[in-house]
Amino acid sequence: MEDNSSWFGGEMRQINDRVISLQLLVTMFLGINFLLIQTFFKKKSFYTIARYILFAITLLSDSLILLISNTLYLLAYFHFTIQVWLCIIISTVLILYSMVTPVTLTVMTLERYVAICMPLRHAELCSERIHVHCILIIHGLSSLPCIAFFSSFFASASLSLYKQHNICSLQMYILHRWQGHIWSTVQQIYFLIMVITIVFCYVKMMKVAKMASGDNKKSTWKGLRTVILHGFQLLLCLIQLWCPFVENYVFQINFSLFINVRFFNYVLFYLTPKCLSPLIYGLRDDHFFHALKKYAFFDLYTSNILQGRLIVFNRQNVQCT
């Protein structure tokens, strides 16, 4: 009996440590994203450049996914249940923006392809007029898997289910095996299209890189490295969409293993892709990095100095009175 209680206590301490470390990671990534988003909105010249607009979309999407998924993780950890209809609304936003990120990454790869392989048409194809249409198309394409997923759920769920209280997770929407097959098929189709697009862009850009010279060659090879990072980031983003099915299978076998697998999936396939976005454009892009130093860090530095001077000034006034 004592051995069982000590084992259970050790497991709970390990889980608590993981939850605390996870909150620290999420807070750190959200803080970095906030600085990058602040930099984008402060420099108006970024509003007219397609790749920075797409970068801002990924930042906002990643931040929203982190907030919602971390909230659901904490609710599940504390065994807090909510009504199914409310969970559907939350899950709809989560699934939609889980697709917005990989679709946007594919569009960013296409933008680099146009900039390097068709530079004369880049201004025309990436004009300010196209930006709004591009954002709408990204969200429209991202909503199709969400519509397919919830249509299969609505066709199978009874009306009484919507008023029940459950722990909010994507596993609860898979009532039959064929629903999992539909979701898996849709994901594989999207994955195939995105991979073909990225490979096509990479091959075309590679040909241009071999023929380029001087500054053009340096710029082209940098664009190729960006496409490779986009491809790796896209792979992680698409794997995360299959995680609920893996977790559902493990949950039926062993609950303790399910906790470990869920933590591993969340860190590797949710947090890691969110870390790559700031790396690709926040640090590797010279223009954005200079703007980040100027608008984010310099503003924080000056605000701290002003606050310090204000405190000193108030103390002097108090002493004089």
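Predicted model: local features only at pLDDT ≥ 70, side-chain atom pairs only at ≥ 80, totals over all residues.

Reader: How many disulfides does the structure hold?

Author: A disulfide is counted where two cysteine sulfur atoms lie within 2.5 Å. The sulfurs of C87 and C168 are 1.9 Å apart, and these residues are joined. The number of disulfides in the structure is 1.

Reader: Which hand does the disulfide of C87 and C168 have?

Author: The hand follows from the torsion about the S-S bond. For C87 and C168 this torsion is about 85°, so the disulfide is right-handed.

Reader: How many residues apart in sequence are the parts that C87 and C168 tie together?

Author: Both cysteines are buried. C87 belongs to helix α3, residues 84-117. C168 sits in the loop between β2 (165-166) and α6 (177-211), so the pair ties together parts whose separation in sequence is 81 residues.

Reader: Why is there no bond between the sulfurs of C117 and C201?

Author: C117 is in no disulfide, and its nearest cysteine sulfur is that of C201. The cut-off for a disulfide is 2.5 Å. From the sulfur of C201, the closest cysteine sulfur, in C117, is too far for a bond, at 7.7 Å.

Reader: Is α3 parallel or oblique to α5?

Author: Helix α3 packs against helix α5 (residues 128-156) at an angle of about 140°, with the axes 8 Å apart. Angles over 145 degrees would count as roughly antiparallel. The angle therefore makes the arrangement of α3 to α5 oblique.

Reader: How many residues of the contact of α3 with α5 are charged?

Author: The crossing of these two helices is right-handed. The contact divides into 17 nonpolar and 6 polar residues, and the number of charged ones is none.

Reader: Is S61 buried or exposed?

Author: S61 is part of helix α2, residues 50-77. Leaving out residues up to four places away in sequence, S61 touches Y97, V100 and T101. Its relative accessibility is 1%, so S61 counts as buried.

How values were computed. Residues numbered from 1 in each chain as written. Heavy atoms only, no water. Helix = DSSP H or I, 4+ residues; strand = E, 2+ residues; numbered from the N terminus. Buried < 20%, exposed > 50% of the residue type's maximum accessible area, 1.4 Å probe, protein only. Axes fitted to C-alpha atoms, helices over the stretch in contact; angles between N-to-C directions. Parallel < 35°, antiparallel > 145°, perpendicular 65-115°, else oblique. Left-handed = near helix turned anticlockwise from the far one by under 90°. Nonpolar A, V, L, I, M, F, W, Y, C, P; charged D, E, K, R; others polar. Contact = heavy atoms within 4.5 Å.
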